[in-house]
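The report that follows describes selected features of a structure in running text. Please keep the sequence and the model at hand while reading.

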Amino acid sequence: MNEFLFTQILTELEDAVGKENCSTKLVDKVAHSVDYFWLSRMWADRGREMPMGDFIVSPKDAQEVSKVLKIANYYKIPVTTWGGGGGTQGGAIPVCGGILLDTKRMNQIYDINEQGMYIECGAGAIYKHIEWAANERGYSTMHFPSSLTCSTVGGFLAHRGIGVVSTKYGKIDDMVLQMEVVLPNGDIINTSSAPKHAAGPDLNQIFIGSEGTLGIITKAQIRIYIQPEVRRFRGFLFKNMHAAFEASRELLQIFKPSVMRLYDDAETASLIKKIVGVAKPGAFMNIAYEGKKELVDVEEKILLETFAKYGAEDLGSEYGEKWWEEKITFFYPGHMMDLPQMFGTMDTIAPYDKIEEIYWAMKKAIETKYPNIKFIAHFSHWYEWGAMIYDRFICDNPPQDPIEAMKLHNEVWTTGVRTALAHGGVVNDHHGVGIKLGRLMKEQYGPAMQVFEGLKKSLDPNGIMNPFKLGL
Amino acid sequence: MKISDKARQQAESCRFCWMCRHVCPIGNADGQERNNARARALMVSYVIRGTEKLEDIATNMYECSLCGACANNCKTGWDPRLFIQEVKTQIILEGKEPEYIRKLLDNYSSCGAVFGKMDKGAQQLLQKMQEEYSDGKVLLLAGEMAVNKDAESLEKTLKLLSKGSESICLDKSADNTGYSLWYLTGKTKETVECARKCAEALNKYEKVVVYNPVELSFIRHEWKEWGITLKARVVGLNEELLDLINNDKLKVRKSDIEYSLQDNFAYARELDDVTSGRQLIEKVGIVKDMLLINKEANLAGQLIMNEYMPNTMKLVAKNRWMNAMNMGCKTLVTENPDEHVLLKENVPEGYKVITVEEMVLDNLA
């Protein structure tokens, strides 16, 4: 872009959000160029600059977002939305430059509504901050992902995030009532005032998971819950994962625990041994159940009876409590994979009739094709009908050359996700698609992809919203 | 860029887990991505590798309050302040400091204080105090922030301490610990020299009561690291007040007034003291805590930064008031002049902020 036009656009953006909230300084551009995507971190680690936005803007509300999008549409320049930058799929990387729209100034808590049991807040609020606000009134959001302290409300919504007590309380798409969204043309809309209705398709579900390609979420009503009277834990050791799947499926037809987490033999022998202290071989599973004490007593009885039927060794509550205390430790340096390793989480989800087959097929595909790459997994989100695999690949010595490292990275991902798709899985469970997996979206959806493409064409005819993400 | 191996290692050690984002008082106030520990580490790392230039990161280094909330939250023991302070030294040595930082340093050269000339009223009050409390074995080390920005609180402190100890005094030559200079320039020859001069002056006394916990921590940690030792016994104001109350030299009455402590980061995180402030409250009233206390305490303001980023400091103070308001904490008690001044400037209607010494003074028997 020539200097004249650049300056023209800059002055218009400054007018829209205020000079102090519109930056072209290198420090702001660099800070928004590297997210939690392995490729962006590797690129920086090799001393290479990632693609940067040309204008970093921080609007304070939907009205300012609207002004920014009108300017972007007029000049036909890309807009990439950034929340906390904690995404793993490169969804927030401004690969085409243009405007980088940071949502964190939209962090107001507008209402803690104890009648309606929700908090209304700006999409840029750090989730931990709304959890604190709920705690101050004696409630909880019950959304406890490992990224709770670094990611925003909008970030979780845009990528369909999930936390560790999901089986009882749901995924982020279950936790939101109404949303305010700014469409690419600058129009500000609200989704329906309640999510469970028959007034046509649910608008929330069109924008949740859309990763900034169809609009920008600016406000949301997030559900709050009463704190449970008791929260109990029980650790179990299964001889094999098949028994654990059978036991869990049966259990879920009777009641919903809050935490259900099953580790394969490899993760049990590594992470669980190191952090929780379980030294025996097998597949460790932690179950938490919570609520009113009388109900929890009954649930405990059902849990012990059901799991005993499938030969699970009852390890008591100690390991489970330790797991809860250390639930974030799993993701801290020293426990989590890190550079110089190459790694990735190929989370996928499927019904019980397919999920085990997918696990074994992915493990075989990765370990056969790449003998130097390890494959480990746990299963962390469970439903009456199926479960998700949090499967990770780890390569200890990736190529030093960034181009070669990127090629290998993408190849491994294609192998893993394509295998999941071939056996009935999906592109992703809760990290989203970003630029990392966009190429595989058409493979999952086939002709159904035209629905997304139609929405994109209609809402964003100039294709300015987060280009090359989500396969759109 | 010349920085020590230790600082370099700290900058390169951020593993991007971002678990500290939610606790940065500056990032939480201005919503800017550059104001988190990870962004600073990334920028410094790029400069170390020669990808970016030192001048590109200069302003950002001065947007950190050094409150240590991120370091306190880092499970790997990583401390961004180490490289931030060394990078500042490089910035100064290479003359790449922002204009507003140059102005503060010029103030220091011309007036001996980064804040520039004091206003007339404060100057007169200080002079009066210096005359009234000119001799004694126990020195109140007022410190740069209180002397320049909160002289009224100093007066109350002297009044209170003199009730419990006959020999409290102020000493103009022992007021500058070098903290401000260190904050702005890191460890330079001038900073160390300033600290040494202050230490010499302090050694004339039997005991030194340090008013500002940030400077107490500076004396206990940085001075010690620089080989500056003190003969005088050094204590914090909280400790001194507790001692006077426990030994019946100060007689207080206990009421049912609720007080909420604004834990200062230096006491809570650097000096491992989360009890003295609360013990003082318990002597005269009832502790009513907010969320985010003890080592997790949120900073409520920093006076040097207020000189060049007042709008952000206003938001920092407002955020802390929000914590208080959400928990119905009507009276905040501060341990540090920076937080006292800035919370007071932004006090919401129906709420009150007082210093620890003011609280004790209000409840003398």
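The centres of domain 2 of chain A and domain 3 of chain A, taken over C-alpha atoms, are separated by 29 Å. The model is a predicted one, in which local features need pLDDT of at least 70 and side-chain atom pairs count only at pLDDT 80 or more, while totals for chains, interfaces and linings use all residues. Residues are numbered from 1 along each chain as its sequence is written, and chains are lettered from A and ligands numbered from 1 in the order in which they are written.

| Domain of chain A | Residues |
|---|---|
| Domain 1 | 3-102 |
| Domain 2 | 109-226 |
| Domain 3 | 230-331 |
| Domain 4 | 342-458 |

Six residues of domain 2 of chain A are in contact with eight residues of domain 3 of chain A, contact meaning that the C-beta atoms of two residues, placed from the backbone, lie within 7 Å. On the side of domain 2 of chain A that touches domain 3 of chain A there are three nonpolar, two polar and one charged residues, where Ala, Val, Leu, Ile, Met, Phe, Trp, Tyr, Cys and Pro count as nonpolar, Asp, Glu, Lys and Arg as charged, and the others, Gly among them, as polar.

Between the chains, the contact takes 36 residues from chain A and 26 residues from chain B. Helix H3 (residues 37-48) of chain B gives the most to the side of chain B that touches chain A, with four residues; helices (H or I, at least four residues) and strands (E, at least two) are DSSP runs, numbered from the N terminus. By class, this side of chain B has 11 nonpolar, seven polar and eight charged residues.

Chain B also holds an open sheet of four strands in the order E6-E5-E7-E8, with parallel pairing, two strands being paired if DSSP finds at least two bridges between them. Strand E6 (286-287) and strand E8 (352-355) of chain B stand at the edges with a single partner strand each, so one side of each is left without a neighbour in the sheet. Strand E7 (residues 331-334) of chain B is joined to E8(B) by four bridges, and Leu332(B) has Val353(B) as its bridge partner in E8(B).

Trp226(B) lies in the loop between helix H13 (213-225) and strand E4 (233-236) of chain B. Leaving aside its neighbours within four places in sequence, Trp226(B) is in contact with Val192(B) and Ala195(B).

Terms used:
Domains from an automatic or database assignment.
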